[in-house]
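Q: Could you take a close look at one helix here and how it sits against the rest of the fold? Please walk me through it in one go.

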Amino acid sequence: MFNIKIKKGDDWKWQENIIISAGQKSSTVTHSVKVFDKNVEPVKKMITREQYDYFLNLFKSIDFHKVFKENVNIDELDGWTLSCNISNGKVQISVEIWNPAKNSLC
């Protein structure tokens, strides 16, 4: 069964995490937030196998090669990052993209 981890944040001031853990008949979605050194109590919710399959199919449809190519040579320090990790046992695919604090095109 696949597990999905999504992390949004800047790694030192704040982080928001969503983890979808697979089960046989149902799965768990956990949402947690960390601001500086304070952790907010994680919220856990059970979802049906059908809801899990819906999320999994969305993530399976991501072309990780395309995401990688769109973000080559971006070395910025401001803003925040969004990372996604999909794993099945020891096999995993991860991608992390940078999101600017301000739109540099404006």
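A: Let's start with the surface: the protein exposes about 8,100 Å², and carbon and sulfur atoms supply 56% of it (Shrake-Rupley areas with a 1.4 Å probe; for residues, only the protein chains shown count as cover). Keep in mind that this is a predicted model, where local features need pLDDT of at least 70, side-chain atom pairs count only at pLDDT 80 or more, and totals for chains, interfaces and linings use all residues. Residues are numbered from 1 along each chain as its sequence is written, and side-chain values use heavy atoms, with hydrogens and water left out.

Now the layout. The protein has 2 helices and 6 strands, running β-β-β-β-α-α-β-β along the sequence (DSSP runs numbered from the N terminus: helices are H or I with at least four residues, strands are E with at least two). Of the 106 residues, 23% are buried (under 20% relative accessible area with a 1.4 Å probe, protein chains only; exposed is over 50%, partly exposed in between).

The helix to look at is α1, residues 49-60. Y52, L56 and F59 are the buried ones to note in α1. Down the helix axis, the buried residues of α1 fall within an arc of 60°, so they line one face (the arc is taken over directions from the axis to the C-beta atoms). Over on the other side of α1, E50 and Y54 are exposed.

What covers that buried face? The cover includes β1 (3-9), β2 (14-21), β3 (26-35), β4 (38-48), α2 (64-70) and β5 (80-88), with contact meaning heavy atoms within 4.5 Å.

As for the sheet, 6 strands form an open one in the order β4-β3-β2-β1-β5-β6, with antiparallel pairing (two strands pair if DSSP finds at least two bridges between them). β4 and β6 (91-99) are the edge strands, each pairing on one side only. Ignoring direction, neighbouring strands are turned by 10° against each other on average. β1 and β5 pair in the antiparallel sense over 7 bridges, and G9 has T81 in β5 as its bridge partner. α1 packs on this sheet, touching β1, β2, β3, β4 and β5, and its direction makes about 110° with that of β4 (axes are lines fitted to C-alpha atoms, for helices over the stretch in contact, with angles from 0 to 180 degrees between N-to-C directions).
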